[in-house]
Amino acid sequence: MAKVIGAFLAFGLLFTSCFAQTAVLKVLPWNGRRAAVSLTFDDARPIHLDVAVPELNKRHLRGTFFVPVSKLTRLDDWRKVLLQGQEIGNHSLSHEHASALTVEGEETQVEDAKAFLDSNFNTNITIFAYPYMETSPGLVSWVKKYDFAARGWPGNGDLLYVKPDVEPDWYNLPGQPIFTKYDVSVYKGWVDKAISLAAWTTFQFHGIGDPSTGWEPIPTHTFLYILDYLKSQEPSGLWVAPFGEVAAYLRAQKILEKAQSEVIGDREKFTWEAPSPFPRGVVLKVVINDARHLRLFQHGRELHPSNHGVYSVSFDSRELILRGIA
Ligand SMILES: [Zn+2]
């Protein structure tokens with residue numbers, strides 16, 4: 001064994017620990033902000049087009065709309081929603097209870113819905129929300145094939161706030177359902193708790209205003225209060241972003257933290273693989289905790305830090321080289 005290590009040393013090559021153990025590099029959670037909140041809207045209700053989307057757009061906020069194919073009317077309007085920067089997710093073909101599905105039904109509810117949505121929205125939808133928050137092993141297996149993240153059952157209260165130092169169940173991420181009886185202090189509490197825990201939480205809306213607009217409608221003034229309160233927290237470090245964007249950032253962060261490295265001379269090279277499917281274009285915010293002059297490269301190109309010393313690391317590149325470690 002000593003001979004092998006000696007041989008590696010002779011060539012200046014050594015295998016070292018993974019990214020998270022180097023203590024030199026650190027991924028900043030939540031896109032470099034303190035905490036994250038995602039707003040999700042279920043069931044493709046017309047009120048989402050008429051109230052939720054315009055009110056989000058007005059405030060430059062972006063949310064996620066989980067649409068079941070069978071409830072999708074006004075398709076042209078929904079296409080505009082995507083073009084305006086909002087996120088669309090798969091909410092199954094016909095919104096059935098998990099226990100009512102046959103083995104074949106489990107497949108078509110995920111697969112056929114995705115095929116319809118992808119072709120009609122001309123995109124690749126890789127997030128899912130389980131109807132009625134009900135999962136089954138069969139449904140989950142199809143979701144794992146076509147999606148990289150799914151919103152599921154909120155589980156016990158401890159899991160409602162996803163912390164960046166734990167690996168969550170990507171196929172059963174929590175959401176907090178809205179109930180008509182809650183007043184603004186409940187929702188302010190959700191946001192404040194996410195910030196105090198430096199965690200991510202997801203709101204789950206259905207109707208807005210009148211009871212005809214959907215399940216457990218939130219009073220319109222309460223809905224607008226939430227949007228304004230979220231907006232007021234952005235300058236102090238809250239990241240309000242679509243469900244899939246936050247999930248992709250966190251999942252990429254967890255993969256980079258586990259990336260293995262090899263040392264060659266004064267360079268340490270980290271490499272990793274992306275899961276499949278996984279969205280392209282995820283950029284991780286990374287800092288160097290070291291007084292030495294260290295430089296970061298991806299595919300031969302040097303990365304330059306922001307004024308705050310933050311590097312933008314492309315997850316798609318699947319490699320990161322740290323130079324100047326010798
Ligand atoms: Zn639903």
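Predicted model: local features only at pLDDT ≥ 70, side-chain atom pairs only at ≥ 80, totals over all residues.
Me: Which residue has a positive phi although it is not a glycine?

Reply: That is Trp30, whose phi is about 50 degrees, and Trp30 belongs to the loop between S2 and strand S3 (35–42). Most residues other than glycine have a negative phi, and most peptide bonds are trans.

Me: You mentioned S2 and S13, so to speak; what is the strand order in the open sheet of three strands?

Reply: The order is S2-S13-S16, with antiparallel pairing (two strands pair if DSSP finds at least two bridges between them). Strand S2 (25–27) and strand S16 (311–314) are at the edges with a single partner strand each, so one side of each has no neighbour in the sheet. From one strand to the next, the twist averages 40 degrees.

Me: And how many bridges join S2 to S13?

Reply: Three bridges link S2 to the antiparallel strand S13 (residues 283–288), and here Val27 stands opposite Val286 in S13. Between S13 and S16, which also run antiparallel, there are four bridges, and Lys285 is found opposite Ser312 in S16.

Me: Switching to helices, at what angle do H5 and H6 pack?

Reply: Helix H5 (residues 103–121) and helix H6 (residues 137–146) pack at about 30 degrees, with their axes 8 Å apart; axes are lines fitted to C-alpha atoms, for helices over the stretch in contact, and angles run from 0 to 180 degrees between N-to-C directions. That makes H5 roughly parallel to H6 (under 35 degrees; over 145 is roughly antiparallel, 65 to 115 roughly perpendicular and the rest oblique). H5 passes H6 in a right-handed crossing, meaning that the near helix is turned clockwise from the far one by less than a right angle, with anticlockwise being left-handed.

Me: Which residues make that contact?

Reply: From H5 come Val103, Glu106, Glu107, Val110, Glu111 and Lys114, and from H6 come Gly138, Leu139, Trp142, Val143 and Tyr146, where contact requires C-beta atoms, placed from the backbone, within 7 Å. By class there are six nonpolar, one polar and four charged residues (Ala, Val, Leu, Ile, Met, Phe, Trp, Tyr, Cys and Pro are nonpolar, Asp, Glu, Lys and Arg charged, and the others, Gly among them, polar).

Me: What about H7 and H8, at what angle do they cross?

Reply: The axes of helix H7 (residues 184–197) and helix H8 (residues 220–233) come within 10 Å and cross at roughly 25 degrees. That makes H7 roughly parallel to H8, and this crossing is right-handed. Among the residues that meet are Val184, Tyr187 and Val191 in H7, and Tyr225, Ile226 and Leu230 in H8. The contact of H7 with H8 divides into eight nonpolar, two polar and one charged.

Me: Last topic, how far apart are the centres of domain 1 and domain 2?

Reply: Their C-alpha centres lie 31 Å apart. Domain 1 covers 17–29 + 264–323, and domain 2 covers 35–236, with bounds from an automatic or database domain assignment. Five residues of domain 1 are in contact with five residues of domain 2, and on the domain 1 side these are five nonpolar, no polar and no charged residues.

Technical notes: Residues numbered from 1 in each chain as written. Helix = DSSP H or I, 4+ residues; strand = E, 2+ residues; numbered from the N terminus. Contact = placed C-beta atoms within 7 Å.
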